[in-house]
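Hello,

Here is the structure I promised to pass on. Please open it first, then read my notes on its pockets and annotated residues below.

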Amino acid sequence: MVATVTSLQTPQQDQELQRLQHIFAEQRQAFRQQPMPDAASRIADLQRLKAVVLKYQDELASAVNQDFSCRSKDETLIAEIMTSVQGINYACRRLRGWMKPSKRHVHMLFAPSHNQVVYQPLGVIGIMVPWNYPVQLTLLPLMTALAAGNRAMIKLSEFTPATNKALKAMLAEVFSEQQVAVIEGEVDVSSAFAETPWDHLIFTGSTAVGKIVMSAAAKNLTPVTLELGGKSPAIIAPGANMKDAVERICFGKSLNAGQTCIAPDYVLLPAGQEQAFIDTYQATFARMYPTLRDNNDYTAIINERQQQRLQAWVKEAADKGANITVINPANEDFSGTRKMPLHIVQNGTADMKVMQEELFGPILPIVPYRSLDDAIGYVNDRDRPLALYFFSYNKAEQQQILQRTHAGGVTINDTLMHIAQDDMPFGGIGPSGMGHYHGKEGFVALSKAKAVHRKGRFNSGMFIYPPYGGAIQALIRKLFIR
């Protein structure tokens, strides 16, 4: 979280703040000396990054497991390592094409001349990483920054110390701090990081903290990419296959125990189908996770603070009249652990935290609707989400949802999978964020699209020079001002 710098800084924090400013100055100077790395250099950087990620994959998975107290190695390999490696592979294949200057049309009024857009590196990129996917959300923005020819400094979350240690050692093995540097620290360091005059700042985190980061960046007019969150709906259409929908929602909500910015936050379903949904969810969840307490496949909550928040929100909802169904297949006791089973919330009301805030954990409200129009209205009455999921094999209904709602990204008949598509942008809209950093759109976001107009010896512009009122000027006005 980012807040105002306080005077209660430890010597270690003071040292990291000084280090932040020192490395930033060094990276800026190094960029001035090499402002336009060629494609071969950038691809070599990406290949070195890929090689060291593969080398450290087991160590990274072990570190993430340590920070969470329980996170499946397979879950980390699938959701963090695999997505990062595939993103690097894709960028390496496409980078020369992305870097190629784009030819643009020249109006005959300005002939003879040539127009093109040149994609130039911005300089030094700041990357602020959250705790929920600390590997992927370090590597994908870093990969994008390197592909665009930039240098990068990465502020890691204070809540993932073991992962931070592994990432720092891994990156130091292949990059000097003048090219890629890792910064650690708590609130005061995060605050100073956000206020540093980066050439671009990428922040992934909550909407509330995103506002603070954007305000800090505005002091230097630093452009920002904000990957936030919000309440991402899953809509089950009338007549949709309940088994298919529940299975895919269950996977998307269970991954990382719901601690995912694009996890389904609530479910809109036809009125009268609530019990069918719950029964199907119970059976599906039990098949995926027969037990929870000692099951390494099911992730724990990151820390006690987050666990207490989630438990308090469930209690508040129950106290205010919501019906809570706990999905706990083996009826286990979770005391002494940070494991938390899924809680399905029925009859939620607008004054409950679970209906107001992004949940970021194993809580899933279900909201009945009378018609698909009502479901669309429910979504549109709220902040635009980072993701939207729609379950229907009816093409007309799919098109209706796509045209009448806004979201950062949409997956139809599944959850989460749009984020793993290398050739599509990923980003929010409004309260769920701004900008993109995946695929070509990410390359463009971290490049300056510089317009270049090129003329030769003959200057057609001379015909509009003063003194005005000549015959040629009159002809130009007649031909082109209409």
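The second largest pocket has about 520 Å³ of volume. Keep in mind that this is a predicted model. Its lining counts 34 residues, and nearest the centre lie Ala79, Thr83, Gln136, Ile419 and Ala420. Helix 3 (73–99), helix 4 (136–147) and helix 14 (439–445) each give two or more residues to that lining. Helix 3 gives the most, with 9 residues. By type, the lining of this pocket holds 22 nonpolar, 11 polar and 1 charged residues.

Now the largest pocket. Its space comes to about 1200 Å³. Of its 43 lining residues, Gly205, Ser206, Thr207, Val209 and Glu358 are the closest to the centre. Elements supplying at least two lining residues include strand 6 (200–204) and helix 7 (207–218). The lining of the largest pocket splits into 19 nonpolar, 12 polar and 12 charged residues.

Next, the annotation. An unreviewed UniProt entry lists Glu227 and Cys261 under "active site". They are spread over 35 residues of sequence, yet they cluster in space, with a largest C-alpha distance of 8.7 Å. Of these residues, Cys261 is included in the lining of the second largest cavity.

Glu227 sits in strand 7 (224–227). Glu227 counts as buried because its relative accessibility is 2%, and buried means under 20%. Its contacts include Phe203, Gly205, Leu386 and His436.

Cys261 lies in the loop between helix 8 (242–254) and strand 9 (266–270). Cys261 is also buried, at 14% relative accessible area. Among its contacts are Asn132, Glu358, Phe360 and Leu386.

Best wishes

Methods:
Residues numbered from 1 in each chain as written. Predicted model: local features only at pLDDT ≥ 70, side-chain atom pairs only at ≥ 80, totals over all residues. Heavy atoms only, no water. 1 Å grid on protein atoms, 1.4 Å probe; cavity = no way out; pocket = protein on both sides within 12 Å on 5 of 7 lines; lining within 4 Å. Points joined across faces, edges and corners; volume = space filled by probe spheres on them. Helix = DSSP H or I, 4+ residues; strand = E, 2+ residues; numbered from the N terminus. Nonpolar A, V, L, I, M, F, W, Y, C, P; charged D, E, K, R; others polar. UniProt positions renumbered as here; feature names shortened; annotations may be inferred. Buried < 20%, exposed > 50% of the residue type's maximum accessible area, 1.4 Å probe, protein only. Contact = heavy atoms within 4.5 Å. Lists of a residue's contacts leave out its neighbours within four places in sequence.
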